[in-house]
Amino acid sequence: MPPSDSWPSELPTCLRQREHEQRALTGAHDVLLSVDRVADWTAGVGTAEIDVPQPLAGPGIEREEGALHPPGEDQIGQGQVEMFARHEMQELVVVDGKARGIVARDLVTGETTTHLGDAVVLATGGYGNVFYLATYAKGCNTTAIWRAYKKGAAFANPCFTQIHPTCIPVSGEYQSKLTLMSESLRNDGRIWVPKTKGDQRAPNQIPKEDRDYYLERMYPSFGNLVPRDVASRAAKRVCDEGRGVGPTGYGVYLDFHDAIGRLGKAKIEEKYGNLFEMYERITGENPYEVPMRIYPATHYTMGGLWVDYNLMSTIPGLFVLGEANFSDHGANRLGASALMQGLADGYFVIPYTMGNYLAREKLAPVADTHPEVRAAEDAVAARTKRLLSAGGSRPAASFHRELGKIMWEHCGMERDKKGLEHGMGKIPGLRAEFWKNLRVPGSGAELNQSLEVAGRVADFLELGELMCLDALERDESCGCHFRTEHQMADGEAKRDDQQFCHVAAWEYAGDGKKPIRNVEPLTFENVDLQVRSYK
Ligand SMILES: Cc1cc2nc3c(=O)[nH]c(=O)nc-3n(C[C@H](O)[C@H](O)[C@H](O)COP(=O)(O)OP(=O)(O)OC[C@H]3O[C@@H](n4cnc5c(N)ncnc54)[C@H](O)[C@@H]3O)c2cc1C
């Protein structure tokens, strides 16, 4: 997306000027690529006319004796890339306004290490675990992009989070994670709830005429295949009406009885056997015999660090790939877009754009004694010390669970002004309590998962507030962002293109200060903006 004229001049002015420049290097993935190697990669690029960084070997997959190897794997094998497994990036090093490295913690030994280079690539995933219960792996967090945000990278559209309609419902207070049942199940499963509130009969005892196949009723054209946000909201509404199923009342049926009758059990097993088995192992119920129970859960984040078309953030030399950035997600609608985006970013974009950036920048080496490097290391040490010395009695996970409830209730599937203000009012108090009453056992110089979790929760406690603020200021409904004040007569989302046809890119203004909302207008040249109907 090209930058807007409204982008404030005090933000790093990388955007328009760098439209034709590009990117570089290493980063914090689960695997940290050594930044030292960037110089090797780029040594062949030179500074002249080269658009494609040849030493990167391009985005292809190399075939070797019949085996397929992603290029990165080959480069690690060849010693071109150094891998740092089980390291967590905790700080970004910015020198002269450019990203020049990271400070990471070795999660096994506790040692803090600094990696300097010519640029940084973050591919650290989405931040949906801010809701505590989500379909994400438990380790997914916001720390890398939140550290970058606090160093000057704009955070775009943080309130846009995808709620997936087909997850196994929450079963109890001490649950720490939710499980996704694949989207594909909606191809053959029919979603329904009892027509009557409080109908306690077992599903197979409820005759067809007493069932409400509500998606088929409400959206005859798309039926059970309506977009995720639409299906999720509809499930929430029937449950809020008291027609939800299962022990908590927050579940709807996903029923394969008709599909089995039509296609036969063997065909259904062939298509979904692994999912059915997984469901049975978790719930103890056989979905060939009784309908699955599902409920929406947080699954994906469309917001993230702002990037230009070259995947560079507002900090020159900081590139952000995959779910960690805000770009190219196909909103919350396209089932396959997340992985496609990650692949496109990694295989097709970054190898080309990074070379341009490096070719055009004259980057002096950064000494590890540079004041900015020392400042980043000191910040990590101070933060670790603060987490360890709070001296309270409450584990970080308990704060996380409480934050998740606030976020789910006030900034989840449906939002309104009152609820968002309420949520925003609660988070600072919870954050203060966290720093006062946190308990992290052990030390920093060892494997310490409580410390890891505490650091991530501290960041979630800040991010959550920004998400609420973003949702509050976007005073319209738009896809997954559903403000109850803004709906059509039939309950569908009502956009306000006059006021909000833009990306909101938040700029950190300092601790305790309201972040600055920058606006990047969305312009559509080849298609007209329309309101979709799934009826
Ligand atoms: C259950 C489930 C099913 C899905 N199904 C589909 C699907 O069918 N189709 C689809 O397109 N998408 C799907 N998605 C979404 C898709 O998997 C993700 O969007 C995608 O994997 C994101 O890729 P990524 O590389 O950007 O981030 P991730 O795959 O999340 O990888 C980020 C990595 O960075 C590491 N990391 C995080 N913070 C740090 C740090 N500070 N320092 C070092 N390392 C860090 C993490 O540990 C992780 O290894 C699904 C997601 C889930 C959870």
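Two housekeeping points. Residues are numbered from 1 along each chain as its sequence is written. Because this is a predicted model, local features need pLDDT of at least 70 and side-chain atom pairs count only at pLDDT 80 or more, while totals for chains, interfaces and linings use all residues.

Start with the whole chain. Its secondary structure comes to 14 helices and 19 strands. Helices here are DSSP runs of H or I with at least four residues, strands are runs of E with at least two, and both are numbered from the N terminus. The chain has 535 residues, and 45% of them count as buried. Buried means 20 or more other C-beta atoms within 10 Å of the residue's own, exposed means 12 or fewer, and partly exposed is in between, with C-beta atoms placed from the backbone.

Now contacts. Two residues are in contact if their C-beta atoms, placed from the backbone, lie within 7 Å. Take the contacts between residues at least 6 apart in sequence: 69% join residues at least 24 apart.

Next, the core. In soluble globular proteins, nonpolar side chains tend to be buried together. The largest nonpolar core here has 120 residues. Such a core is a set of buried Ala, Val, Leu, Ile, Met, Phe, Trp, Tyr and Cys residues joined through C-beta atoms within 7 Å. Which residues touch the most other members? Ala148, Leu305, Leu318 and Phe319 do. Helix 13, residues 449–473, gives this core its largest share, 14 residues. Look at Leu305. Leaving aside residues up to four places away in sequence, Leu305 touches Ile145, Ala148, Tyr149, Ala153, Phe155, Ser313, Val320, Ala324, Asn325 and Phe326.

On to helix packing. Two packed helices are described by the angle between their axes and the distance between the axes. Axes are lines fitted to C-alpha atoms, for helices over the stretch in contact, and angles run from 0 to 180 degrees between N-to-C directions. Under 35 degrees counts as roughly parallel, over 145 as roughly antiparallel, 65 to 115 as roughly perpendicular, and the rest as oblique.

First pair: helix 11, residues 396–411, and helix 12, residues 417–437. Their axes come within 9 Å and cross at roughly 170°. The two are therefore roughly antiparallel. Helix 11 brings Phe399, Glu402, Leu403, Ile406, His410 and Cys411 to the contact. Helix 12 brings eight residues, if you count along: Gly419, Leu420, His422, Gly423, Lys426, Ile427, Leu430 and Phe434. By class, that contact has eight nonpolar, four polar and two charged residues. Nonpolar means Ala, Val, Leu, Ile, Met, Phe, Trp, Tyr, Cys and Pro, charged means Asp, Glu, Lys and Arg, and the others, Gly among them, are polar.

The angle is about 165°, and the axes are 9 Å apart. So these helices, too, are roughly antiparallel to each other. From helix 12 come Lys417, Leu420, Glu421, Gly423, Met424, Ile427, Leu430, Arg431 and Phe434. They meet Ala458, Leu461, Gly464, Glu465, Cys468, Leu469, Ala471 and Leu472 in helix 13. The classes here are eleven nonpolar, two polar and four charged.

Thr384, Leu387 and Leu388 of helix 10 contact Leu451, Ala454, Gly455 and Ala458 of helix 13. The tally is five nonpolar, two polar and no charged residues.

Now the loops. Most residues other than glycine have a negative phi. Asp96 has a positive phi of about 50° although it is not a glycine. Asp96 lies between strand 6 (87–95) and strand 7 (98–106).

Leu311 sits in the loop between strand 16 (304–305) and strand 17 (318–320). With 27 C-beta neighbours inside 10 Å, Leu311 counts as buried.

Last stop, Asp210. This residue is in the loop between strand 12 (190–194) and strand 13 (211–212). Asp210 has 13 C-beta neighbours inside 10 Å, so it counts as partly exposed. Asp210 and Pro194 are 16 residues apart along the chain, with 6.0 Å between their C-alpha atoms.
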